[in-house]
Amino acid sequence: MRAAAVSTPCPSSALFHHHLPPRCSIDPSSRTLLSISQAIVQDRHGGKTRGLSSLDRSRIVSERIRKRRSNNQIFASIADISLEQSIENPSLPKDMMYDLVNKASSRDDSYISAIDNVFEKHKLTASELLDGEDLARFLSQLHNDISNLRAMLRAIYIAGHATESFSDFVVGHGELWSAQMLSYTIKKHGRPCCWMDTRDVLIVNPTSSNQVDPDYIESEKRLKKWLLKKPADIIIATGFIASTLQNIPTTLKRDGSDFSAAILSALLKARQVTIWTDVDGVFSADPSKVSEAVILRTLSYQEAWEMSYFGANVLHPRTIIPVMKHGIPILIRNIFNLSAPGTKICQQPVNENQDRKSLDSVVKAFATIDNLALVNVEGTGMAGIPGTASAIFGTVKDVGANVIMISQASSEHSVCFAVPESEVKAVSAALHSRFQQALDAGRLSKVEVIPKCSILATVGHKMASTPGVSATLFDALAKANINVRAIAQGCSEYNITLVLKQEDCVRALRAAHSRFYLSKTTLAMGIIGPGLIGGTLLDQLRDQAAALKEKFNIDLRVMGITGSRTMILSDMGIDLSRWREIQKEKAEVADLDKFAKHVNESHFFPNTVLVDCTADTNVANHYYDWLQKGIHVITPNKKANSGPLDRYLKLRTLQRVSYTHYFYEATVGAGLPIISSLQGLLETGDKILHIEGIFSGTLSYIFNNFKGTRAFSEVVFEAKEAGYTEPDPRDDLSGTDVARKVIILARESGLKLELSDIPVQSLVPETLRACSSSDEYMQQLPNFDKELSAERDDAEASGEVLRYVGVVDVVNEKGSVELRRYKKEHPFAQLSGSDNIIAFTTTRYKDQPLIVRGPGAGAEVTAGGVFSDILRLASYLGAPS
Ligand SMILES: NC(=O)C1=CN([C@@H]2O[C@H](COP(=O)(O)OP(=O)(O)OC[C@H]3O[C@@H](n4cnc5c(N)ncnc54)[C@H](O)[C@@H]3O)[C@@H](O)[C@H]2O)C=CC1
Ligand SMILES: N[C@@H](CC=O)C(=O)O
Ligand code: NA
């Protein structure tokens, strides 16, 4: 539903006020004009559409008017209450009056029962609202009108056709009846009131394109006369209907009652027009697509205009013209929520900065149009030839297609424009035929159609004077991996229009909106493998999410968690305080493709990251595909980077050429900054010569604690319990885990090695390598304690300790993994717990290596390392650092 009121200042009520036009010879103190349009009254409660009955609405309006000061005149321009859907009868068609015409003109004789329905509905409503003389007067008028309508519909039925003026005559009756009913109701509440048939006042001239242009001079004359004759306090004016200069009834066509209010306000030089509708105001983006969209307090006329053009249901652009000319503000308010201040559309937005969280953001709002196609006309023969554009657009005009946006580069080799998808076939055929000769001669190389496109329009009055707006917009889109097909920005710069693939449009809208409007970095996350590391990460996210939101404007939402058997999905983010319970209550069968699709698509966030906390090669094999889809990947899983070399190189190449990120700090040294240190050295031009270290938290722990009389198997068991080992501890004891880390660092340093190129000294006794499970291995391990005890004792006797080390020999392009002996004074002998120690010898750090040391395994430090990769990603995506 929409309603409009033209108003003047009135301290006693915030609802309807306006100044009387000085040129009108009526009470000069104040006047209000109210217009309620004919759209259905709707709002959403629990997902259901609620209709406001005509009775309810009349009551709301009359109640408001009753509270008004007596010296205010109120013009109410209201639409046909009979068109409304009522609560009691939600199946009533929306456009009852149009329905009558449609039925009669298609010779459907159910128009007879339909007109009876219209009559009954109005009779019933009037009987509930009115009584006494007014009721009698209204019913007699209704009777008369209905018999005239019956006659006219009969004529339409016989002719099988309705002329435009017949149709306008029929549909205008709804307005007439509701205006009368409302005025009688207000009178009944004790306020002098009369109603205005705007066909006596609003004079319009039809234009060629099913529109009308108001004749302001004639309308003003007639309005003055009318006001002199009926100097009532309150005037209810019909919306939507008007007359031609020859007094033939007509309508405002597509533009409706908002337009009536705007024209009347211009004639009256009103102080303000209020449009009463069912939303709290104009949103910064369609709230059904962007959950964070906010109500704008102010909009300039131009901004509102741009928003309306680009499909936002703000106001019809024509409604803005009359008010803009006289600088009359329009207030959009919610009739169901009087506490919402609404949106003011005016000349210069007042207190603009109050709207905004950040002053640097000058973009007001975003709108989109779907179902478009781009047409690209290209060829060297166009450059410097006057008339090419005119020939192209002349041809488009001839097929009656509507050009929504045009873009031409200054090289003049191509012109591209967007038209509705439904019109593109005709446009393309017409262009091919018109330019056949040029195409044959090669002067034009192609007339190409790019289907399934959408427009994303970025609107803001102040974009014109602010550098960096388009850079920020394009950056936000690039980071969300969205490709822009065409761009248009006029020099007025109220609007930057981009054409994108339709499938990317909502994501683009969200990316742009969150970057500009909320200056917030939003990340949709999917966690794969909620085991020790994944589970700890989820708990860390739970504990830190609020602080990240508040301090750094980073909004991290876990949209799904999947294990190997079951998964949970959410549309707005899983409640991390209960993720374990939810996993038990609401899990569905795991399906990795469905999972990735859900996290990437079914939510309100432009950026997606999948965090692989498994040790699974299968999951790692998906990274390439995910990165290609623009999904960022973060992992502590070593399988991708230590797997087959060609796969690894392909993955890294894709990562380097895209805006999609792949971070894996925790694959070596858990949370210790090993990968980032190495990358930092390389990026700044240092050369890596040698990397040597204790890379296994498990083996470090084991050899740090395998002392005196302790058995080897006992210490292995402790390491497993402490969460240092791989899901299968044999991966640690066999040296494979260390070999993987050596390969990761070797490849990072530029070596092209396979895992099989690394000689590894395994600590898994030969006979236990064939154990079918890690449990069986753990059970049998004590039988082999003696072997390693002897080696330890031998080392101890010569003042040495055993340490399991990995080496990357960059100079000689090789690596190794082995158990070595170190003197007790050696730094490698000084470790404790699960410490890793990694020494980088480089051209800069030649005499003294760069050493990183600290706990290199365990749930908290590893999950912390993954978390810090997530924050690095957020910062790459634009979060404040
Ligand atoms: N534990 C540690 O200190 C460190 C571990 N890492 C790495 O972190 C990863 C996880 O290790 P943990 O949490 O200790 O192992 P874990 O065995 O506790 O957890 C792995 C989880 O992944 C799940 N999973 C396995 N295959 C899956 C699939 N195809 N789809 C979905 N879920 C699947 C398992 O059911 C389990 O819940 C491993 O890659 C490990 O190398 C890295 C650095 C240190
Ligand atoms: N199992 C690994 C965990 C880290 O990668 C280790 O012990 O170092
Ligand atoms: Na690390």
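Reader: Which residues in α7 meet which residues in α9?

Author: This is a predicted model, so local features need pLDDT of at least 70 and side-chain atom pairs pLDDT 80 or more, while totals for chains, interfaces and linings use all residues. Residues count from 1 along each chain as its sequence is written, chains are lettered from A and ligands numbered from 1 in the order written, and side-chain values use heavy atoms, without hydrogens or water.

Now the pair. On the α7 side stand Asp-258, Phe-259, Ala-262, Ile-263, Ser-265 and Ala-266. They meet Arg-318, Thr-319, Pro-322, Val-323 and His-326 in α9 (contact: heavy atoms within 4.5 Å). This contact divides into 6 nonpolar, 3 polar and 2 charged residues (nonpolar: Ala, Val, Leu, Ile, Met, Phe, Trp, Tyr, Cys, Pro; charged: Asp, Glu, Lys, Arg; polar: the others, Gly among them).

Next comes the geometry. Helix α7 covers residues 256-268, and helix α9 covers residues 317-326 (helices: DSSP runs of H or I, at least four residues, numbered from the N terminus). Their axes lie 8 Å apart, at an angle of about 15° (axes: lines fitted to C-alpha atoms over the stretch in contact; angles: 0 to 180 degrees between N-to-C directions). Therefore α7 and α9 are roughly parallel to each other (under 35 degrees; over 145 is roughly antiparallel, 65 to 115 roughly perpendicular, the rest oblique). The α7 and α9 crossing is left-handed (near helix turned anticlockwise from the far one by less than a right angle; right-handed if clockwise).

From α3 come Tyr-111, Ile-115, Asp-116, Val-118, Phe-119, His-122, Lys-123, Ala-126 and Ser-127. From α4 come Leu-135, Phe-138, Leu-139, Leu-142, His-143, Ile-146, Leu-149, Arg-150, Leu-153, Arg-154 and Tyr-157. The tally for α3 with α4 is 13 nonpolar, 3 polar and 4 charged.

One more pair follows. Helix α16 (residues 532-552) and helix α30 (residues 859-876) cross at roughly 55°, and their axes come within 9 Å. That angle makes α16 oblique to α30. The crossing of α16 past α30 is right-handed. On α16, the contact uses Leu-532, Ile-533, Thr-536, Leu-537, Gln-540, Leu-541, Gln-544 and Leu-548. On α30, it uses Ala-859, Glu-860, Thr-862, Ala-863, Gly-864, Val-866, Phe-867, Ile-870 and Leu-871. The α16 contact with α30 divides into 11 nonpolar residues, 5 polar and 1 charged.

Methods. Helix = DSSP H or I, 4+ residues; strand = E, 2+ residues; numbered from the N terminus.
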